[in-house]
Amino acid sequence: MSEQREISIHVPVLARVEGDGALDIEVREGRIERLQLRIFEPPRLFEKFIEGRSYAEVPDLVARICGICPVAYQMSAVQALEGIFGCDAGPWVQAMRRVIYCGEWIESHALHIHLLAAPDYLGFKSVIDMAQQYPNEVNRGLRLQALGNAMIRMFGGRSVHPVGVRVGGFHHAPREADVEAMCAQLRAALPEAEALVRWAAALPLPDDAQCFTSVALRHPDEYPMFSGRIVSDQGHDFALPEFEQRVREFQVPYSTALHALLDGQPYLVGPLARLNLNLDRLPAPVRTVLDETGIGFPSANMYHSIVARAVEIYTALWEALRLLEQYRYPHTSYADIELRAGVGFGCTEAPRGILWHRYQSDAQGMIRACRIVPPTNQNQARIEEDLRNSLQSYGFQRSDAELRLRAETVVRNYDPCISCSTHFLQLKIDRR
Amino acid sequence: MSRICILGIGSPAEGDRIGWELAEALRRFDWCGCFPQHEITIDVADRPGSRLLDLFAGADLAVVIDAMQSGAPPGTVCRIEPDQLQTAQGLHSTHGFGVAGALALGAALGRLPPRLVVYGIESSVTQAGAASEQPAPSDVCARLQESIAADIQGGG
């Protein structure tokens, strides 16, 4: 086909991403004229649901925003609310929050790597096809996913409401015997997670370096999960309240998901951004394995996101083991709250990137205002920029099917949780 | 002694709780008294996705109960063998990676129980707060219980 053909790409339903989205691209004389990633899930209006509710209800409410990352929503919420009430939950709660977050990272990343992303690189339409030729790898991924889920459920969640987080701490403390059993599972999983990093790094990943700004939390000592300042590889470094001055959200006419710009520019959040900015915070065994893969980090290749997710699974296992090996049953699983009016900010690292919350409470603990900025919203502008660059360099002499698959693969690098991104993919190619 | 696992699958969405509600209702039946030679467990799960394979691991017979939208009258109980489920080879979303996708993955990995039955209960699944036409669990439960009992007896 001629490079000069006009192409209209329309992907009606984007496969293997969370939620529903569509992609429209118009190409004329070899240049992209129009590119729109359309999110059309019904607006979730969670911010409005939460107004007028008690602070104590917020963890349960926000957990329903996302079925894959409920813990992340709860973590950002409790951080903000405890900030309003001046509550210091104490070291036991802080440690256990890191453990439960490790569980969610492991579950989410294992799911994405095996069910969503890996089929792209091995030439399969789905994990079901892939499982027939790679049963060991898929079973390994399912084991890791189940382990992550078990780590979350250890904190007293019922099977139909999977988390036990509350403002001040947790509803339940795990028994020491259960924690000991979990430690044995974590140790057994370490070789599997190490093997996963090596396997992910050896996948036939496209080589497509781009220019983008990585944004993540930065903590004085730890690989960031629950706390830190917001930093970038372009020199940004600010505390949580400054987020709303630096990041502007806006509606695009073709999507119900808000877009976000940092100082007027698209930016990347998520595992690749986190890893790029926090290599020196990795546990030593993880850093060693990563170095042995031969892949250079910081990386400007979005296809290395699958490696970053594998690295974070391995990191989360080490971190959880470090914290649980010192576990003692606490005197209390939560700190008391003294209500007062005020404004609070929370920003934690969801599996998909920084998740920023802002709450305003009155003196009775009733929420008067709420703002939630999910990571997938923050990535929307970057995804569109990536699609333009990637498809332009991939070339339009390809078939529609090849272009569609490349577009979907690009979007899947971001693991967009489209269900969250509205507070997959119909692709329409217009060739003229 | 055979291990029999009955699972009610659902989500908080209106109409998608029918699997949970029926599992809870089925617990009131005296399964142990009627089938003392079997170990029968009844559990509920919120959108387990691929974890469904772990939930019925080790069972000789797994019975999965989930809401269904096929156009049949609300409350219709449809007994489905695994090879009758239509599966989309391209996953649409892990939020939507439901029973069919999980079972297809289980079949590909050789991880399905020796006997497996899926019960689809016709239900209107809507967003929270929206009106929907739902079957009355008590009407459905009796038919479901009878059919599951036949499944258990049929296994010997």
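Tyr359(A) stands opposite Cys370(A) in strand β13(A). The model is predicted: local features need pLDDT of at least 70, side-chain atom pairs count only at pLDDT 80 or more, and totals for chains, interfaces and linings use all residues. Residues are numbered from 1 along each chain as its sequence is written, chains are lettered from A in the order in which they are written, and side-chain values use heavy atoms, without hydrogens and water.

**The sheet**

- An open sheet of chain A holds three strands in the order β11-β12-β13, with antiparallel pairing; strands are DSSP runs of E of at least two residues, and helices are runs of H or I of at least four, numbered from the N terminus.
- Its edge strands, β11 (342-350) and β13 (367-373) of chain A, each pair on one side only.
- From one strand to the next, the twist averages 15°.
- Six bridges join β12 (residues 353-361) of chain A to β13(A) in the antiparallel sense; two strands count as paired if DSSP finds at least two bridges between them.

**The helix across the sheet**

- Helix α3 (residues 70-85) of chain A lies across β11, β12 and β13 of chain A, at about 150° to β11(A); axes are lines fitted to C-alpha atoms, for helices over the stretch in contact, and angles run from 0 to 180 degrees between N-to-C directions.
- The 16 residues of α3(A) reach 23 Å from first C-alpha to last, close to the 22 Å expected at 1.5 Å a residue; the expected span is 1.5 Å times one less than the number of residues.
- Of the 16 residues of α3(A), 15 are buried, a term for under 20% relative accessible area with a 1.4 Å probe and protein chains only.
- Gly86(A) follows α3(A) and has a positive phi, near 65°.

**Arg274(A)**

- Arg274(A) belongs to helix α9 (residues 271-277) of chain A.
- Arg274(A) counts as buried because its relative accessibility is 0%.
- Its side chain reaches the backbone oxygen of Pro351(A) at 2.9 Å.
- Not counting residues up to four places away in sequence, Arg274(A) touches residues including Trp105(A), Glu312(A) and Glu349(A); contact means heavy atoms within 4.5 Å.

**The nonpolar cores**

- The largest nonpolar core has 151 residues, and Val307(A), Leu324(A), Tyr359(A) and Phe56(B) have the most contacts inside it; such a core is a set of buried Ala, Val, Leu, Ile, Met, Phe, Trp, Tyr and Cys residues joined through side-chain atoms within 4.5 Å.
- Helix α4 (residues 91-122) of chain A gives the most to this core, with 18 residues.
- A second, separate core of 26 residues includes Trp31(B) and Phe35(B).

Methods: Buried means under 20% relative accessible area, exposed over 50%, partly exposed in between (1.4 Å probe, protein chains only). A polar contact is a pair of N or O atoms within 3.5 Å; within protein, one must be able to donate a hydrogen and the other to accept it, and residues adjacent in sequence count only if both atoms are side-chain atoms.
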